[in-house]
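Hello,

Here is the structure I promised to pass on to you. Have a look at it first, and then read my notes below.

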Amino acid sequence: MSYSYAAAARARAVVRPKVEGKQLADGVWLAIPDPTDATYTMIVEQANGIVIVEAGFDDLKGEAIIDWIAAKFPGKPITHAIMSHNHADHAVGVRPYAAAGATVVAHEAAVGFYEALINRPASKILLDALDRNPVTAKVQGVPADAPFRIEDEDHPVVVYPVYNRHTSDMVIADVEKDGILYLGDLYIGALARMLKRGERRSPSGEPVFSAVELDAAMQLYGIDATLLVGSHDADPVSLADFNYYLGKSE
Ligand SMILES: [Zn+2]
Ligand SMILES: [Zn+2]
């Protein structure tokens, strides 16, 4: 299914979604909401807490994911919420994670955006998790020229800034030792859907610019992930399929 605001709005208007965890590796999960807002949150278990990647659109989904985390990892706090970029379908659902005490991690160019979103005046119509539990949330900026590391012995997460033409505040999250890379709107979700249709390259044979920009970032930083998770599809793409799409392999 492709992303649509209509689907997201429908999901938001109807009910609090149910959430199931899809395990990607030891300690790494993807939250599958039903109904879906078409953005999938990744969950990484570290020794001292939980790191999530990408809130998505729907803050009620966020509340359901926070409940799933509390049941799955009793007593572990959510320490960080990494946000790939500030487009609404990725970012506006960040508030329940702030209410839960997570530090929001985003590109330094978007720090002001997240501070404003988190500290907006409380709603007088419909109170959300942060209105009910006002906290002073920290927003950690990722420098435009250096990665930000969330250290852990088994599952360190490294957040890299990525130059691209989709947005000026893009970061990607590498679960380094597990070889899993999470990306928002850098073509991997679209490639996942292409693969499900049985297509491995675009008809022209030319990769789209955002896939080329992702590949450039992976080369620049020496990221050797083997599984690529795009925020708008629940099925990851293998590095082999990505390299074939780029025309790097036959
Ligand atoms: Zn976007
Ligand atoms: Zn998007």
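In which sense do β1 and strand β2 (residues 28-34) pair, and over how many bridges? They pair in the antiparallel sense, over seven bridges. Two strands count as paired if DSSP finds at least two bridges between them, and strands (E, at least two residues) and helices (H or I, at least four residues) are DSSP runs numbered from the N terminus.

Before you go further, this is a predicted model, in which local features need pLDDT of at least 70 and side-chain atom pairs count only at pLDDT 80 or more, while totals for chains, interfaces and linings use all residues. Residues are numbered from 1 along each chain as its sequence is written, and chains are lettered from A and ligands numbered from 1 in the order in which they are written.

Back to the strands. Across the pair, Gly 21 stands opposite Ala 31 in β2, and Gln 23 stands opposite Trp 29 in β2. The hairpin of β1 and β2 has two residues between the strands, and Gly 27 takes a positive phi near 80° there.

Both strands belong to an open sheet of seven strands with mixed pairing, in the order β1-β2-β3-β4-β5-β6-β7. β1 (18-25) and β7 (139-142) are at the edges with a single partner strand each, so one side of each has no neighbour in the sheet. From one strand to the next, the twist averages 25°.

Helix α2 packs on this sheet and touches β1, β2, β3 (41-46), β4 (49-53) and β5 (78-82), where touching means C-beta atoms, placed from the backbone, within 7 Å. The direction of α2 makes about 60° with that of β1; such angles run from 0 to 180 degrees between N-to-C directions, with axes fitted to C-alpha atoms, for helices over the stretch in contact.

Now the core. The largest nonpolar core has 71 residues; such a core is a set of buried Ala, Val, Leu, Ile, Met, Phe, Trp, Tyr and Cys residues joined through C-beta atoms within 7 Å. Buried means that 20 or more other C-beta atoms lie within 10 Å of a residue's own (12 or fewer is exposed, in between is partly exposed), with C-beta atoms placed from the backbone. Among the residues with the most contacts inside this core is Val 94, which touches Ala 81, Met 83 and Val 104, among others.

Enjoy exploring!

Notes: Contact = placed C-beta atoms within 7 Å. Lists of a residue's contacts leave out its neighbours within four places in sequence.
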